[in-house]
Amino acid sequence: VQLVESGGGLVQPGGSLRLSCAASGRAFSSYAVGWYRQAPGKEREVVAAISRSGDKTYYADAVKGRFTISRDHAKYSVYLQMNSLISEDTSFYYCAALAHFRVGDPPDSWGRGTHVIVSS
């Protein structure tokens, strides 16, 4: 499944952004989806994940209470609402399709990423 992220950009600390991950087709509904991020010089880390049905979610401790993951099956899309952004959230953000709702598993496919910069 092909994935395309959008919604990144420059935002001031304390601001919000909504990232979108659009998939190529209905097969997307059979996948769990994760959002990951990787800053230059750092390892890629999982930020959030959502199950196939959307009834289960996972958040990294660093984003709990600030980020919300959701999905819209009709639009073959997954979203990451990011609020109260801080400079440490600056990174490249990627969505990925997971065969199972296990964030430690390697994803089946990746998007190309979108850049988020939190700066005043």
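A: Ser84 counts as partly exposed at 41% relative accessibility, a class that lies between buried, under 20% relative accessible area, and exposed, over 50%, with a 1.4 Å probe and protein chains only. This is a predicted model, in which local features need pLDDT of at least 70 and side-chain atom pairs count only at pLDDT 80 or more, while totals for chains, interfaces and linings use all residues. Residues are numbered from 1 along each chain as its sequence is written, and side-chain values use heavy atoms, with hydrogens and water left out.

Ser84 belongs to the loop between β8 and β9, where strands are DSSP runs of E with at least two residues, numbered from the N terminus. Although Ser84 is not a glycine, its phi is positive, at about 50°. Tyr76 also has a positive phi, near 50°, in a residue other than glycine; Tyr76 sits in the loop between β7 (67-72) and β8 (77-82), and it is partly exposed, with a relative accessible area of 28%.

Ser20 is buried, its relative accessible area being 19%. Leaving aside residues up to four places away in sequence, Ser20 touches Val4, Glu5, Ser6, Trp35, Val78 and Tyr79, where contact means heavy atoms within 4.5 Å. Ser20 and Leu80 are 60 residues apart in sequence, yet 6.5 Å apart in space from C-alpha to C-alpha. Arg18 lies over the face of Tyr79, 3.9 Å from the ring centre; a charge sits over a ring if NZ of Lys or CZ of Arg is within 6 Å of the ring centre and within 35 degrees of the ring normal.

The whole structure has 2 aromatic pairs, meaning rings of Phe, Tyr and Trp (its six-membered ring) with centres within 6.5 Å, stacked if the planes are under 30 degrees apart, edge-to-face if over 60 and otherwise tilted. Tyr94 is buried at 15% relative accessible area, whereas Trp110 is partly exposed at 34%. Ring pairs link Tyr36, Tyr94 and Trp110 into a cluster, and the charged end of Arg44 sits over the ring of Trp110, 4.1 Å from its centre.

Key
Helix = DSSP H or I, 4+ residues; strand = E, 2+ residues; numbered from the N terminus.
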